Structures are given as C-alpha cells and as structure tokens.
Amino acid sequence: MAGRAAAAVGVGVAGIAAGLVARSLVKKERGSDGDGAHPDGWKAVTILGAAEDFERGGYPEPLERLSESLEIRIDPAPGDKGFEVHARVRAGADSGVDGDPDTALRAALRDAKQVFETGEVLRATPRPHGDRPRTLLGGAVDEAEDDAKGEGVL
C-alpha cells in the first residue's frame with residue numbers, strides 16, 4: 001500500500017514538473033502577455049456594439065464618473081468587431097478617486113464595457129448560494145475575485 005502511495009506522489013510531482021516546464025517554454029515563445037504598461041499610459045478595452053451608441057448621452061456611468069480627468073478616444077476594432085475605447089488620466093488632472101488612478105481607470109473601463117454590453121455590472125458576489133465555509137481553494141478563489149478588477153489584461 002505504501003509503495004502505491006509513493007508511486008502516485010511521484011507521478012503527481014513529475015506531472016507538475018512537466019506542466020511547469022511546458023508553461024515556461026510557451027511563455028518564452030510569446031513576445032508579450034498583452035498586459036505590459038503602455039508608454040503613454042493608455043488603457044483600452046474592446047466593446048461589441050456601435051461606437052455612436054456608446055457616446056450618445058455621455059459615456060456609461062462607470063466611465064462618466066472619471067471622464068473629467070481623462071483623455072478618451074474611440075477607434076474601430078480590428079476585423080469590424082465593435083470598437084475600442086482608449087483612455088488615460090490627463091497629466092496634472094485630479095482623478096477624484098482615492099488610491100491609484102490607474103486602478104480606478106481599469107475598473108471603470110471594465111465596468112463601462114459591461115454596462116454597455118449587458119446593461120449592468122456583473123458581480124460574482126454576493127453568491128447566489130449564500131455563505132460557504134472558508135476552505136483553502138475557496139479562499140483562493142474569493143481572493144482572486146476580489147482582486148480581479150485591479151490586475152490582468154483588460
């Protein structure tokens with residue numbers, strides 16, 4: 001019995017090692033993960049729909065809140081797949097938010113995309129199934145959900 005357990009652990013460790021090696025090889029081949037900082041501070045999001053509808057009556061509320069301190073431009077998306085909203089905080093502008101203005105801009109762009117495409121900001125919490133006991137993996141998922149708007153590829 002102990003021999004089988006040791007063999008299973010060995011196979012698991014070898015599988016993890018092979019996965020990590022494969023991941024590092026794939027990452028090296030890609031030039032960028034798409035999340036590098038733009039040298040001029042621009043952040044962008046692609047939105048499915050018509051650009052005229054996006055600007056009509058002002059921007060969606062999450063972006064409108066910050067619009068006084070932003071430079072915003074709208075361009076057609078590649079392949080005629082909607083449009084791109086590019087935004088950056090104006091030099092010397094007061095963003096009117098506590099904390100990092102870049103994080104607030106990222107969240108505003110993501111939320112504006114969701115409001116335009118679905119009519120609401122989608123939330124993972126509160127969870128429809130109610131509270132759940134904290135577990136090791138559940139805690140990691142909760143933390144990732146909480147941090148999701150501040151990091152990652154737009």
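**Strands, a loop and some rings**

Tutor: Strands here are DSSP runs of E with at least two residues, helices runs of H or I with at least four, both numbered from the N terminus. This is a predicted model, where local features need pLDDT of at least 70 and side-chain atom pairs 80 or more, while totals for chains, interfaces and linings use all residues. Residues are numbered from 1 along each chain as its sequence is written, and side-chain values use heavy atoms, leaving out hydrogens and water.

Student: Which strands form the sheet, and in what order?

Tutor: The order is S1-S3-S2, in an open sheet with antiparallel pairing. Two strands pair if DSSP finds at least two bridges between them. S1 and S2 are at the edges with a single partner strand each, so one side of each has no neighbour in the sheet.

Student: How many bridges join S1 to S3?

Tutor: Five, with S1 covering residues 43-47; valine 45 there faces valine 85 in S3. S2 (residues 70-76) pairs with S3 over seven bridges, and isoleucine 72 has alanine 87 in S3 as its bridge partner.

Student: And is S3 largely enclosed or open?

Tutor: Largely enclosed by the rest of the structure, because five of its seven residues (83-89) are buried. Buried means under 20% relative accessible area, exposed over 50%, and partly exposed in between, with a 1.4 Å probe and protein chains only.

Student: New topic: what is the phi of aspartate 80?

Tutor: Positive, about 55°, although aspartate 80 is not a glycine. Most residues other than glycine have a negative phi. Aspartate 80 is in the loop between S2 and S3, and at 74% relative accessibility it counts as exposed. Glycine 79, in the hairpin of S2 and S3, also takes a positive phi, near 70°.

Student: OK, rings now. How many aromatic pairs are there?

Tutor: Four across the whole structure. Rings of Phe, Tyr and Trp (its six-membered ring) pair if their centres lie within 6.5 Å; planes under 30 degrees apart are stacked, over 60 edge-to-face, the rest tilted. Phenylalanine 54 and phenylalanine 116 have ring centres 5.5 Å apart and planes at 70°, so they are edge-to-face. Phenylalanine 54 is in helix H2 (residues 51-55) and phenylalanine 116 in helix H4, 62 residues apart.

Student: Are those two buried or exposed?

Tutor: Phenylalanine 54 is buried at 2% relative accessibility, while phenylalanine 116 is partly exposed at 24%.

Student: Which residues make up the aromatic cluster?

Tutor: Phe54, Tyr59, Phe83 and Phe116.
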